[in-house]
Amino acid sequence: MILVFIEHRGGVANKSSIEAIAAAQSLGGQLQQPVTVVIPGSDVSALAQEMAAYDVSKVVGAVHPKLADYTPDAYADAMEGMVRQLEPSFVFLSHTYLVRDFAPKLAARFGKSLISDCIRASTDGANIKFTRRIFLGKLDADIASDGEAPVFATFQIGSYRADQAAKGSGAPVETREAAVGAVRMVPEPPFQEAKQAVDLSKAEVIVAVGRGIKSKDNLGLAEKLAQVLGGDLAASRPICDAEWLPIDRQIGSSGQTVAPKLYIALGISGAIQHLVGMKNSGTIVAINKDPEAPIFDIADYGIVGDLFEAVPVLTEEIKKIKGLS
Ligand SMILES: Cc1cc2nc3c(=O)[nH]c(=O)nc-3n(C[C@H](O)[C@H](O)[C@H](O)COP(=O)(O)OP(=O)(O)OC[C@H]3O[C@@H](n4cnc5c(N)ncnc54)[C@H](O)[C@@H]3O)c2cc1C
């Protein structure tokens, strides 16, 4: 069985946990193993019902008053107990800050290492491979576990798509009392990375600008396109380094990883450090005047041309289609 950890804040699931369900369903399908989800918390009944809609064999709420707020001690204790009780072959988690905080400790309690930040889990029948990017995304490495259960793996955000997680016909929900020992930490209000106006990992449409936009004064062009599409504005690193846009809009290895339905790259060359942050987007459209730009290697649609000519035309056409002009 593959056990999936569901992260939530105040009963609202982190979207990347649904991606972890998709990862588990994918490997589970290949190995013919069922998927069970576990939700630690003080009262998770509403969220458990929500998770029961997915095609999983069971939803387990691991409840304890000390799990009302996240602490690594309480979560590691609760998850250790659930893993010992449920005896999964695999434990899948999404590679969030919270998971990075407690999952190594959890794996160590089983004498296991954590196979972290994977982009894929697959099997050729005999062996199970976890693929992770190394050397800033220049190479993909296949990692084999020692095969002994439980195998702990975390998945990079965006490596599986939440909307690919299959729905089922209502999985049974079970509540179990979690065993939680002494908690040494005092939880504080959750850390906000920035005064984030937008969480790009949840955006369905992203219009991203690169150095091809030339000047901060030209950002309005991209903003208008994002606006007519109901999308969000993002950027490559040089744009954020130049403070034309805030750092929380940066996509890539040192920025955010996103997987929107539509990603439009304007004047972005497609350096590997940028691609690792967006290559799992549903549809990628690139506008670049250089036909050799690497962004075209991964683009579904490309316009070789000057973005200052193409973007206003595109924006006007979309407005017409949407009846906005
Ligand atoms: C450790 C490290 C971490 C990094 N992390 C990140 C990261 O998280 N995110 C990131 O994005 N980068 C990151 N980088 C930087 C990365 O290597 C690239 O330098 C960067 O992505 C390039 O940004 P760009 O595509 O906007 O600029 P450029 O590479 O300069 O590309 C500009 C593109 O615009 C096109 N262009 C120019 N004018 C026009 C026009 N009028 N119309 C259409 N196209 C035009 C050009 O043909 C060109 O392809 C990192 C680098 C390092 C070393």
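Q: Let's begin with a pair of strands. In which sense do strand E1 and strand E6 pair?
A: Strands of a sheet pair through backbone hydrogen bonds, either parallel or antiparallel. In this predicted model, strand E1 (residues 2–5) and strand E6 (residues 90–94) pair in the parallel sense, over 3 bridges. One place to look is Leu3, whose bridge partner in E6 is Val91.

Q: In what order do the strands of that open sheet lie?
A: Follow the pairing from strand to strand. Here 9 strands form an open sheet, in the order E9-E8-E7-E10-E6-E1-E4-E5-E11, and the pairing is mixed. Strand E9 (139–144) and strand E11 (173–177) are the edge strands, each pairing on one side only. From one strand to the next, the twist averages 35 degrees.

Q: Which helices pack on this sheet?
A: Helix H3 (residues 72–86) packs on the sheet and touches E1, strand E4 (35–41), strand E5 (58–63) and E6. The direction of H3 makes about 150 degrees with that of E4. Helix H4 (residues 97–109) packs on the sheet as well, touching E6, strand E7 (114–123) and strand E10 (151–155). Compared with the direction of E10, that of H4 makes an angle of about 165 degrees.

Q: How many bridges join E4 to E5?
A: There are 6 bridges between E4 and E5, which run parallel. To find the pair on screen, look for Pro40, which stands opposite Ala62 in E5. E5 is mostly covered, with 5 of its 6 residues buried.

Q: Which residues touch the most other members of the largest nonpolar core?
A: First the general idea: in soluble globular proteins, nonpolar side chains tend to be buried together. The largest nonpolar core here has 60 residues, and Val4, Ile21, Phe92 and Ala153 touch the most other members. Take Phe92: leaving aside residues up to four places away in sequence, Phe92 touches Ile2, Val4, Ala20, Ala23, Ala24, Ala153 and Phe155. There is also a second, separate core of 37 residues, which includes Leu200, Cys240, Tyr263 and Val311.

Q: In what order do the strands of the parallel open sheet lie?
A: This sheet has 5 strands in the order E13-E12-E14-E15-E16, and the pairing is parallel. Its edge strands are strand E13 (232–235) and E16, and each pairs on one side only. Neighbouring strands of this sheet are turned by 15 degrees against each other on average, direction ignored.

Q: Which residues stand opposite each other around E15?
A: Strand E14 (262–266) is joined to E15 by 5 bridges, and the two run parallel. Ile264 stands opposite Val285 in E15, and Leu266 stands opposite Ile287 in E15. Strand E16 (residues 301–304) is joined to E15 by 4 bridges, again in parallel. There, Val285 stands opposite Tyr301 in E16.

Q: Which strands does helix H5 lie across?
A: Helix H5 (residues 219–229) lies across strand E12 (205–209), E13 and E14, running at about 170 degrees to E12. H9 packs on the sheet too, touching E14, E15 and E16, and its direction makes about 135 degrees with that of E15.

Q: Which residues come nearest to the ligand?
A: Of the 28 residues around the ligand, Gly210, Gly212, Arg237, Gly252 and Ser269 come nearest. By class, this shell has 9 nonpolar, 14 polar and 5 charged residues. Helix H6 (237–241), helix H7 (272–275), strand E15 (283–288) and helix H9 (307–321) each supply at least two residues of the shell.

Q: What is the phi of Gln32, and where is Gln32 found?
A: Phi of Gln32 is near 55 degrees, a positive value in a residue other than glycine. Gln32 is found in the loop between helix H1 (15–31) and E4. Another backbone detail is the cis peptide bond from Ala149 to Pro150, with omega near -5 degrees. Pro150 is found in the loop between E9 and E10.

Technical notes: Residues numbered from 1 in each chain as written. Predicted model: local features only at pLDDT ≥ 70, side-chain atom pairs only at ≥ 80, totals over all residues. Core = buried A, V, L, I, M, F, W, Y, C linked by C-beta atoms within 7 Å. Buried ≥ 20, exposed ≤ 12 C-beta atoms within 10 Å, placed from the backbone. Contact = placed C-beta atoms within 7 Å. Near = placed C-beta within 6 Å. Nonpolar A, V, L, I, M, F, W, Y, C, P; charged D, E, K, R; others polar. Pairing = 2+ DSSP bridges. Axes fitted to C-alpha atoms, helices over the stretch in contact; angles between N-to-C directions.
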